[in-house]
Structures are given as C-alpha cells and as structure tokens.
Amino acid sequence: ATADNAVWTLNVSLTRPTVAAAVTKVGTDVIAVSKYLTDGGVAASDITLGSVSTYANEEWQNGNSTGRILNYRANRDVVVRSKDVQLIAKLSQGIGSLLQTGVSVNNYGPQYYISTLPSLRPQLLEEAMKDAKVRAVAITKAVGGKVGSVQSVRAGVFQVTTPDSTMTADGGAYDTSSIEKTVTSTVSVTFSVK
C-alpha cells in the first residue's frame, strides 16, 4: 500500500539571554520555516502553528540551584498535514538549506499514514482465509486426509511495515517512516478433517 497522508512536525527551539530575545527569534524562525514550506508548495491551510513556550535555564552548583537564571529557551511547533506525500518527502529532504541560513529548526521527519486501511482490511482477511485453506489442504493431503468445513475463525492483528521489514508486534505494528508499506493480516482457522 502507498501512504496518502503525511504529518510532519518541525520544532523551532533556541536559547537567548532574555525571554523577549528568545521569543522574538523563535517568531522570526517560524516565519522562515513557514515561508520555506509555502514556497515549496505546501498550502498555508496545511500548516498549523503551536503555541510558543518558554522556560528558564537555571544555574546549578553541586546539585543545587543558585537561583541565577543563565538564559531562556523558547520553542514552537510547526505541523504540516498534507495529502501530497511526495512533496512532503522532498521538502523534508531539503530542509538542510533552511538550516544553512541560520534558522534553528528540529526536523523529526514526516510520518506517513494510509487513510484507506479500513477498506483494505476485508480484502486482506479474505486473502488470508484463502491462504489458510490452501495450507490446510497441503497439510492434510500430505497425511492422506481431506479438509472439511470451517469450525472456527479468529482474525489477528494487522501489521503495517516497510516493504522489507520483518517487524511484528502482538498488538499490531504501524510503521510511519516510509511512504511505501506492506500491510499484512493473519487469521487462525480451524477446519474439520475427513
């Protein structure tokens, strides 16, 4: 399956001697990040700005605070939500050009999601059931038996992984790092044997 939704969180974070200087510089850098995104083709409506947060960095000596403030850290999230996953992938790979201009931005990398997963589930379960029957026939044929009717069926979890991954999890897996994904499901089927 191919992801059709991207969520990309960027965080502008920096330290300055005063709160005002830190907040002002964060504001300037957020504007630069937003411009990079919109100039790159992201619609302004696809960009959400978080609130500005600040905290003081205190001086510590021998495990105790001296009460002296060394500087202030300010940060603000810029979140992009887009259906153009290829555009987001391209912009995330080019973010270095923005860093070279002195903008202080942390790139956590885009996360890619499949919005059609609910409609894929019935098809995957059907294919898993067919595969279960083929395996049951092969096993019983090897010992001279025949597969009878279905006695019980239990659907397992879905695993959404990168195409070359062997990752599985008891509660299901959902890799968000890649655009191309492999979606698998398991079923446990009990057949009667004749």
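Six salt bridges are found in this structure, which is a predicted model. Side chains of opposite charge can pair when their charged atoms come close.

**Pair in helix α1**
- Lys35 and Asp39 form a salt bridge, with 2.5 Å between their closest N and O atoms.
- Both belong to helix α1, which covers residues 19–39, and because they are four residues apart there, about one helical turn separates them.
- Asp39 is exposed, since its relative accessibility of 56% is over the 50% cut-off.
- Lys35, at 49% relative accessibility, is classed as partly exposed.

**Pair in helix α4**
- Glu126 and Lys130 meet through their side chains in a salt bridge, at an N to O distance of 3.3 Å.
- Helix α4 spans residues 117–142, and Lys130 and Glu126 lie four residues apart in it, so about one helical turn lies between them.
- Lys130 counts as exposed, with a relative accessibility of 52%.
- Glu126 is partly exposed, its relative accessible area being 45%.

- Glu59 forms a salt bridge with Arg68, and their closest N and O atoms are 3.0 Å apart.
- Glu59 has a relative accessible area of 18%, so it falls under the 20% cut-off and is buried.
- Arg68 is partly exposed, with a relative accessible area of 48%.

Notes: Residues numbered from 1 in each chain as written. Predicted model: local features only at pLDDT ≥ 70, side-chain atom pairs only at ≥ 80, totals over all residues. Heavy atoms only, no water. Salt bridge = Lys/Arg side-chain N within 4 Å of Asp/Glu carboxyl O. Helix = DSSP H or I, 4+ residues; strand = E, 2+ residues; numbered from the N terminus. Buried < 20%, exposed > 50% of the residue type's maximum accessible area, 1.4 Å probe, protein only.
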